[in-house]
Every structure is written in C-alpha cells, then in structure tokens.
Amino acid sequence: MVVPAAHGRAVEREDALDHLEATRLDVLVIGGGVTGAGVALDAVTRGYTCALVERDDLASGTSSKSSKLVHGGVRYLAQHDFGLVREAAQERDLLRRVAPHLAQPLGFVVPLKDRVTEAQMHAGLLLYGILATWRNVERYQTVDPGELLAAAPLTGGFDRGALRYYDARTDDARLTLQIAQTARQHGGLVVNHAEVTGLLRAGDRVRGATVVDRLAGRELDVEARWVVSATGVWAGELHRLATDDPTRIAPSKGIHLTFDRTQLPVDEAIVIPSHAGDGRLAFVVPWDDQVYVGTTDEHHPGSLDEPSVGPAEAAYLLHALNGSFGTSLTPADAVGAWAGLRPLLRPRDDGQPAHRSADLSRRHAIVEHPSGFLTITGGKLTTYRRMAQDLVDRIASADANHAPCVTAHLPLGVHGDGAAGLRRVEALCEAFEVDRSLAPSLFLRHGDAAARVLAFATEHGEADRLLPHLPYLRGEVRWAVRQELARTVDDVLQRRLRVSLRDRFAGGPAVAHTAGVLAEELGLDRQTAGAQIEAYFGRVATERGIVPLQHTLPVAVTP
Ligand code: FAD
C-alpha cells in the first residue's frame, strides 16, 4: 500500500487531487462531515490508503449546525433509549481524553418549578450518572434559589431552585476539521469542494467514483476497493446512484438564535422549558460574549440544501426564552442564527414520517449494498467515532485485516490534559504579547497548534483581533488558507472562525480582509474575490431567514 505524505506532513488540497487520479485507493469516503472525517481517520490508522471528498467544505452540512454539545443526551432518557445514552456518554469521555480542547466541561442548570419536576429530574440525573458508570464530568448537584438567580436572571417562577449536571461543549466545525487534519497527518487525502457525481463499476461491484473539483472545474475518476457514503441527510441521493432501494432518512430541522450576552446574562448553560406544552426543553448556552439558544426539532420535507430559520421556529424559541427570562426579545434582537437538518432514521417498515421528529432515535445505521457500496448515516456528533469504528470494522472483516481500531486512544490535536494545554496557551499569549483573555478560545480552536498559530500571526504582523468583539486573530485567516484547507470567504468566516454565527453584520470589515488574504494567498483575481463575498453574504442571509442580516458589500478587497 502506498501511503502518500506520511510522517505527519499533510498533502495540500490541489496535490491531493493529483494523487487521487493516480492512486487506486483502498477506501474512498464521500462526505466531509464529522462522520466521513471519522471514517477516514479510522481507515488510515488501520493502514488503509484512504481519501475523503467533500462537495462543499468540511462540516458545511449538518456538522457545523448542531447545538455544539458533546453529551450523553439527558433528553433521550425520556425515550428509554438507555443504550444510546450509555454509548454517547462513553464517547463523550473518550473525546474529553483525546481532544480535551474540543470537549470542554460545561455545567447545565435545570431550574425547577414544582415538586413533581424536581423528583423526575432527580431520578433522571441519577440514572444518567449510572448509565455513564459515574464517569460524568461531575456528579449532579442541587442549586438553591439564590444561587440560581445569580447564575441567570430567570423570572419564570422557578421557586424550587435547580439541579446542575455536567456535559461538554465543542465547536462542531472545528471538531470535524481536527479529525480530518489528523487523518491528513496520518497520510489520508482530504479534498473539499470536490463532488461525487457518479459511481464507477467493474461488473456488479462499485469500484470508485467520478469526482468534480468545483473550484477548477476538473473531473476525474477515482478508483477505490471500497466506496463509503457518509453524506448525512443527502445519503438518499448517493444511495440512488447505487440502487433503487429507498433510504430511511427522515430529516429533522433544528434552529439556533444567537444574542449578545448583555441581553441574556447567563454564566452557565440553562435548560428551560419550551412553554409550548409539548414537554420539550431548550438550551441557553453562553459562548464568550454571546449566548445561543436552541433547538427545535421538526420533520423537514423540503429541500435539503441551505435550510433557513423560519418564523414559526424562531417564535417557538423566543416564546421559551421570553417566558423564562421575562424578556421581550424578537428576531431583530438576534445577532446571528443557524439552521441544520438531522439525518434521523425512520423505524424499519415504516413508510410514513408519522412520528414526531423529536421521538425518532439518534442511533446510526450502516447499509451495505450487494455492489459493496456502503452507506453510514444517522447518529450524533458525539458518537461519530463509534460510528466510524463500526463501519471500518465491516471493511476490515471483509478484508481479513486484523489491525485494531486505535481511535479511542489517538490524540486529536492535544497531547496531555486540557488544563495543562490551556495554561501553555495562556503563557504563550503573554510571550507573544497577545491579549491573554483570547487563550481559552485559541485553545478550543487549535489545541497544541495554538503555539504555531500565535507565532505565525506575530510573524505576519497579524496578532491583533479580526473584530473587536470576537476572539479571533487576524492571522487566523491566513492560517486557515495555508494550513486548514480554507478556499473561500465562506470557508473562513462560517467554519474556521464562527464569525457568521456571532456578528450581526456577519463580519463587516473582516469580510474584505478575508477576501484580500484569499486573493493574496491563492492568486484570486478581484472579480473572483468579489463573487466570493457576495456568495458568502447570500448564504448567511438565506440561513438566517427571518433574522435580519445587516451588511453593505465592501467596496474594496483589502488584505
Ligand atoms: P453532515 O455533516 O451533513 O455531512 C455530510 C456531508 O456530505 C455534507 O458536508 C455534504 O456536503 C456532503 N455531501 C453530500 N453529497 C455529496 C456528494 N455528492 N459528494 C461529496 N460530498 C457530498 N449531535 C450531538 O452530538 N450534539 C449536539 O448538540 C447536536 N445538536 C444538533 C442540533 C441540530 C439542530 C442538528 C440538526 C443536529 C444536531 N446533532 C447533535 C447531530 C449532529 O450534528 C449530526 O448527527 C452530525 O453532524 C451528522 O454528521 P454527518 O457527517 O453524518 O453529516
């Protein structure tokens, strides 16, 4: 087996395309969300030559639109899905060990109105601890009414205080990128903006795919012994290239709204009732100087591309917020918003999506077509590693490859524990004379690589903030292009940095700067850079839907 660019040096996107054409791979993974990235990492670390192709950008599908929680899923206890909760809690603990920067402990405060809810929550959180074999971040605690009021200015009659339990938070797009980067460091080929448009066959076997480079317009045939579709809600489209059988995907839409923390001054994540009489809960999660609230969970029969925040969903979340905090927030108060589609699975032999989406299981499924074409979908961000292991186990078993799965212990961007890692970044900020308060955010995005990012930004005279109210360095834009496969304004401002989710103007002056850096680094002409800016604002406006995007197109592209 030829493993290109081993020894930790990743192959550049454009070189990877050449390799793809010239190499017969063991495994070709279609879809660069967290699942596809996980499969690629598992495959390369078991000795397979493997490539991952993504038609848009890494994590541009559902994997950048989640609630950003790495959790066992207290909510699924109500569905009696104890196996899923146990598995997710185990995966959360593994991720905290191998990627402590991307699974940071977070307390969740559940305010209580009456004795019945209090008793139910006590029982649920006790069970949560048991299913996690007492390895939750910490045991759950009681919070008295005074402490509750200090943590969040609630007015919804939560007279019985609260309970606090612990899970973890992540940055979903950065998690996906980190997994893909680790796969690259182990010799995997990762190409974003590369779409699979057809499958190659040899007799009755699928033996590769036709891939179109959407940036250069080049089409190539990629041969592989195994072709895996990890295309989330789009699994049906890929599945239809191989077979007429229907898939069981039942997309469910969820939205989030972002506010300035001054509008919702919470110190911890707060779990509030929906106030809609449906028994559902919403999370209010602090994120530096912003706070986001989500999510909704409704069957989505419409187009799978570019979901958008609709008036009814926004009203549902605002009703929950205003009912609990005594506020009068409207969509115009939100500084950002996002919408995503869960790739949920309908139960077998069930032709109709008659179930409430919120009741459908978050389990995953692997479907193997007689042609050898494999599909993996369903699941959760939290369980991506387990999903990937199950999929690669199938391939390894068919190949009689006895190499064990190593991803449960493979460091993802941080060696050692999180507290020490964060202290290192704080010390580096001081050494590079960068605002020390940026350290937690830099650590979350880059892990151990934060040292290289800080040195790089300083060397380029770009160690100041990209925007005054967001914790990003100007140099991270150039870093994203050179080191993180970013090729468009959208790649940088939506996923490498989460500017579009956190700024009313979706970046304002940072947009022109980003386009300028892309033009400089990639040799883009003015027209292409301008078109990228327009495409970026167009996508953000579509996704925000009812939440207004205030922007003016920048007149000049300036690095
Ligand atoms: P995706 O991320 O959608 O990736 C599929 C990729 O395939 C896409 O990038 C797409 O562009 C690509 N693709 C499609 N067709 C082609 C083609 N022809 N060629 C090449 N590429 C192609 N999970 C949690 O654990 N915690 C949470 O807090 C959480 N919150 C959520 C909240 C919401 C609102 C939603 C919607 C989901 C949430 N989830 C959460 C679930 C989690 O986000 C998803 O399960 C997970 O991101 C799915 O990842 P995926 O890789 O399977 O799919």
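In the protein chain, residues 24 or more positions apart account for 72% of the contacts with a separation of 6 or more, a contact being heavy atoms within 4.5 Å. The model is predicted: local features need pLDDT of at least 70, side-chain atom pairs count only at pLDDT 80 or more, and totals for chains, interfaces and linings use all residues. Residues are numbered from 1 along each chain as its sequence is written, and side-chain values use heavy atoms, with hydrogens and water left out.

The chain holds 17 helices and 18 strands. These are DSSP runs numbered from the N terminus, with helices (H or I) of at least four residues and strands (E) of at least two. Along its principal axes, the C-alpha trace spans about 65 × 55 × 45 Å. Accessible surface comes to about 21,300 Å², by the Shrake-Rupley method with a 1.4 Å probe; for residues, only the protein chains shown count as cover. Carbon and sulfur atoms contribute 52% of this surface. Of the 559 residues, 60% are buried. Buried means under 20% relative accessible area, exposed over 50%, and partly exposed in between (1.4 Å probe, protein chains only).

Helix α13 spans residues 475–483 and is mostly covered. Seven of its nine residues are buried, namely G475, E476, V477, R478, W479, A480 and V481. Their cover includes α11 (439–446), α12 (450–459), α14 (489–496) and α16 (509–522). Just after α13, L485 adopts a positive phi of about 65°.

R174 sits in helix α6 (residues 172–185). This arginine is buried, at a relative accessible area of 4%. Leaving out residues up to four places away in sequence, R174 touches L102, R445, H446, E484, R495 and R496. A polar atom of the R174 side chain lies 3.1 Å from the backbone oxygen of R445.

W134 lies in the loop between α4 (115–131) and β5 (141–143). W134 counts as partly exposed, at 45% relative accessibility.

Key: A polar contact is a pair of N or O atoms within 3.5 Å; within protein, one must be able to donate a hydrogen and the other to accept it, and residues adjacent in sequence count only if both atoms are side-chain atoms.
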